[in-house]
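Please examine the sequence and the structure shown below.

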Amino acid sequence: MVFAVYRMAFNLGTTVGPLLGALLISHSYDLIFYIEACAQLGFAAFALVLARSGSEPQRTARPADGQNRSYAAVLRDRRYTLFLLALFLNAVVYIQHTSALPLQIKSDGHGVAFYSSLLSLNAIMVISLELLFTKYVQHLPGKVAVALGIGLVGVGMNLCVAGPSMAMYVVATVVWTSGEMIGAIAMTEPGTGS
């Protein structure tokens, strides 16, 4: 649930950010850089205050059993390595919404405004539905939720080439966004994916 709230806040920022950027550019392009610099300095100060106000981290003793704590030891876990491979392949497919999808939409004769509306549909769905999805997905077995999420992202991306109509793109966006929400919830919740 915490990760779903984080993603909701992230998507709110993703939705509002470009609008704020367009507003700033209409006054001065340099304003974006000045405001970004101020925001980063503010965050750095906030992080510094938090770091100093916290207690000293407890030092953990090295394991007496001599277990190897290297990346090689992690990668020897076959199930975990397969899980990482599935996440990688999912990311390769998912990233197409920012790389290949705009090109496909343009080649089908649709404009930038239509692509932007699809991204807005994605953000609106995540903002308004992910907490609700989380309520149900967290009760599914981890393997089922991860497979369902990855599968829906793949199906949704493949629907984008099913036809040039705007309606097909909207359906495809709804499908892959549903997969994104289900998969993100399942892949970040402790104990899932195993």
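Which residues does Thr177 touch, not counting residues up to four places away in sequence? Thr177 touches Asn122, Met125 and Val126, where contact means heavy atoms within 4.5 Å. The model is predicted: local features need pLDDT of at least 70, side-chain atom pairs count only at pLDDT 80 or more, and totals for chains, interfaces and linings use all residues. Residues are numbered from 1 along each chain as its sequence is written, and side-chain values use heavy atoms, with hydrogens and water left out.

Thr177 lies in helix H8 (residues 166-188); helices are DSSP runs of H or I with at least four residues, numbered from the N terminus. Thr177 is buried, at a relative accessible area of 0% (buried means under 20%, with a 1.4 Å probe and protein chains only). Its side chain forms a polar contact with the side chain of Asn122 at 2.9 Å; such a contact is a pair of N or O atoms within 3.5 Å, of which, within protein, one must be able to donate a hydrogen and the other to accept it, and residues adjacent in sequence count only if both atoms are side-chain atoms.

Asn122 also takes part in a helix pair, meeting H1 from H6 together with residues including Ala123 and Val126. The axes of H1 (residues 2-27) and H6 (residues 112-137) come within 9 Å and cross at roughly 170°. H1 is therefore roughly antiparallel to H6, a term for angles over 145 degrees.

Helices H4 (residues 78-94) and H7 (residues 142-159) pack at about 25°, with axes 10 Å apart. H4 is therefore roughly parallel to H7, the term for angles under 35 degrees.

Technical notes: Axes are lines fitted to C-alpha atoms, for helices over the stretch in contact, and angles run from 0 to 180 degrees between N-to-C directions. Helices (H or I, at least four residues) and strands (E, at least two) are DSSP runs, numbered from the N terminus. Angles under 35 degrees count as roughly parallel, over 145 as roughly antiparallel, 65 to 115 as roughly perpendicular and the rest as oblique. Buried means under 20% relative accessible area, exposed over 50%, partly exposed in between (1.4 Å probe, protein chains only).
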